[in-house]
Amino acid sequence: MSETPNHIQQLLKALSEHSALVGIAMRGPVSTGGKRDKGVETLIRMRALMPVDEDTYYLNPLLREFIGDYVVSYGAFRQLTRLDGPIRQLRLEFDSLRDFRREGSFRDSDRAMSRLEESIVRIGFYMDQNLQLLSAKVSTNFGDVDSVGGKIRENQFYYGEVKRFGQQISSLDAKAQEMDSQSIGEGFAEVHRLLNVRILSRLRDWAARITDIQRVVSKNLFSFRQLEAQQRNLARVALWLSKNRLSDGFEVEITTEIADRLTAPVALISTWNIDVTDTDPVVAQGMLTAAKRLPSATPVAKQAPMTPPVVVSTRQEIEQPQPAPIDELVDAYLDFLTGDEVLSVQADLSLLRWRRRLGSAYGLDNDTTDEEWLLYAYSQISSAGYAVDLEIGTRAPGEFNDLFTDASARLAEASRP
């Protein structure tokens, strides 16, 4: 029985023999013709090249991505690898392992354990791949884009990518913590070790690196926006210079009259400033001579002394406010409440009957209703420190608030003699 050929060795051998053609395909499409025909056919058979048009072939995207990661060559606006799918796959493999362990299926549980470990390794690889891509982008200052506007758009794009990537790290942390707790409860010591060694112990470092990259991207975005504003101002000045007719100068016919006006000297009027601190006799004599030519000083008449103002103080009369009739009626009630008659015998202290009996005597008009009188008198007497007993009526069906029909005040226990 013949030995089965090793397809992996054949693929690597074909890539090695046609490495020059693979390098050309990394930079763009390739086509057949001449010595390339055999290499193109071999790479197509190995699925390293993919036909996209007539006589036009592109490199396999997965192979291009692998080579790009190796040589750290990334195009503009390349998205980061999403972790949502690998995280869901990791959770699915963990649930599958738990179910097989509970059923007692050892072979299936061993295969599920292998798939779980592959999922953990895949997540770590994607994390390192994204961080490598971001580091390369930041270190080269987005060198794959030439225009300032393109650099700003790419910075904005990766600012959003980094923000979403940080949210995925938080989701991975929560899912890994949950699976770690469940693995301890199920007794999966190997799963607990894998999660802690390969994910949980590295999450803090991943989050710190993402934060640093986000800070650098934000700083670059601010710098490029300033550069764009300066470039826009420079372009406006250049446009004005190109449109202005006088930017290159203008011709003037120089006649004799114009030449005389342009070259005529202009006299400057100057005066001699005397230094009063100079002790030279010539300077002192000149100052005296100049002082003699000054007009004589005109004496100023002495002003009469000003009479100081007299302040007349007046006494302002303070007008006492007149109390309202309802306040006088309340004060009369309080005086009656503290009188000897109330202290010795049981007197009628009904506020409603007090108002009806003495309201007219104190000038309380009929517009004040009994309800207004009871509310006002209750608040005033209570604020004066007296106890007020309310006479509350029975609620009618459908009513929800208490209605008091009368009230009477009394001295508080602490105020009794």
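The following legends describe close-up views of one protein chain in a predicted model.

**View 1. The protein chain as a whole.**
The chain contains 14 helices and four strands. Of its 417 residues, 27% count as buried. Contacts between residues at least 6 apart in sequence join, in 63% of cases, residues at least 24 apart. The chain exposes about 30,100 Å², and carbon and sulfur atoms supply 54% of this area.

Ser 350 lies in the loop between helix H12 (340-344) and helix H13 (351-358). With a relative accessibility of 5%, Ser 350 counts as buried, because buried means under 20% relative accessible area. Two partners of the Ser 350 side chain can be located in this view. One is the side chain of Asp 406, with which the side chain of Ser 350 makes a polar contact at 2.4 Å. The other is the backbone nitrogen of Arg 353, which the side chain of Ser 350 reaches at 3.4 Å. When residues up to four places away in sequence are not counted, Ser 350 touches Asp 406, Ala 407 and Ser 408.

**View 2. The two faces of helix H2.**
Helix H2 comprises residues 19-27, and Leu 21, Val 22 and Ala 25 are buried within this helix. Seen down the axis of H2, the buried residues fall within an arc of 100 degrees, so they line one face of the helix. The face turned away from this buried side carries the exposed residues Ala 20 and Arg 27.

**View 3. A nonpolar patch on the surface.**
Val 237, Trp 240 and Leu 241 form a nonpolar patch on the surface. Together, these residues have about 310 Å² of accessible area. Trp 240 belongs to helix H8, which covers residues 189-243. The relative accessible area of Trp 240 is 53%, and this residue is therefore exposed, since exposed means over 50%.

The structure holds 15 salt bridges. One of them joins the side chains of Glu 93 and Arg 115, with an N to O distance of 3.0 Å. This pair links distant parts of the chain: Glu 93 is in helix H5 (residues 84-103) and Arg 115 is in helix H6 (residues 106-139), 22 residues apart. Glu 93 is buried, with a relative accessible area of 8%, whereas Arg 115, at 32% relative accessibility, counts as partly exposed.

Asp 108 forms a salt bridge with Arg 111, and the closest N and O atoms are 2.6 Å apart. The two residues are three residues apart in helix H6, so about one helical turn separates Asp 108 from Arg 111. Asp 108 counts as partly exposed at 25% relative accessibility. Arg 111 is partly exposed as well, with a relative accessible area of 45%.

Asp 389 and Arg 410 form a salt bridge in which the closest N and O atoms are 2.9 Å apart. This pair links distant parts of the chain: Asp 389 is in strand E3 (residues 387-392) and Arg 410 is in strand E4 (residues 404-410), 21 residues apart. Asp 389 counts as partly exposed at 33% relative accessibility, and Arg 410 is partly exposed with a relative accessible area of 32%.

Technical notes:
Residues are numbered from 1 along each chain as its sequence is written. This is a predicted model: local features need pLDDT of at least 70, side-chain atom pairs count only at pLDDT 80 or more; totals for chains, interfaces and linings use all residues. Side-chain values use heavy atoms; hydrogens and water are left out. Buried means under 20% relative accessible area, exposed over 50%, partly exposed in between (1.4 Å probe, protein chains only). A polar contact is a pair of N or O atoms within 3.5 Å; within protein, one must be able to donate a hydrogen and the other to accept it, and residues adjacent in sequence count only if both atoms are side-chain atoms. Contact means heavy atoms within 4.5 Å. The arc is that of the directions from the helix axis to the C-beta atoms. Accessible areas come from the Shrake-Rupley method with a 1.4 Å probe; for residues, only the protein chains shown count as cover. Patches are made of residues with over 30% relative accessible area and no salt bridge: like charges are joined within 9 Å, nonpolar side chains (Val, Leu, Ile, Met, Phe, Trp, Tyr) within 5 Å. A salt bridge is a side-chain nitrogen of Lys or Arg within 4 Å of a carboxyl oxygen of Asp or Glu.
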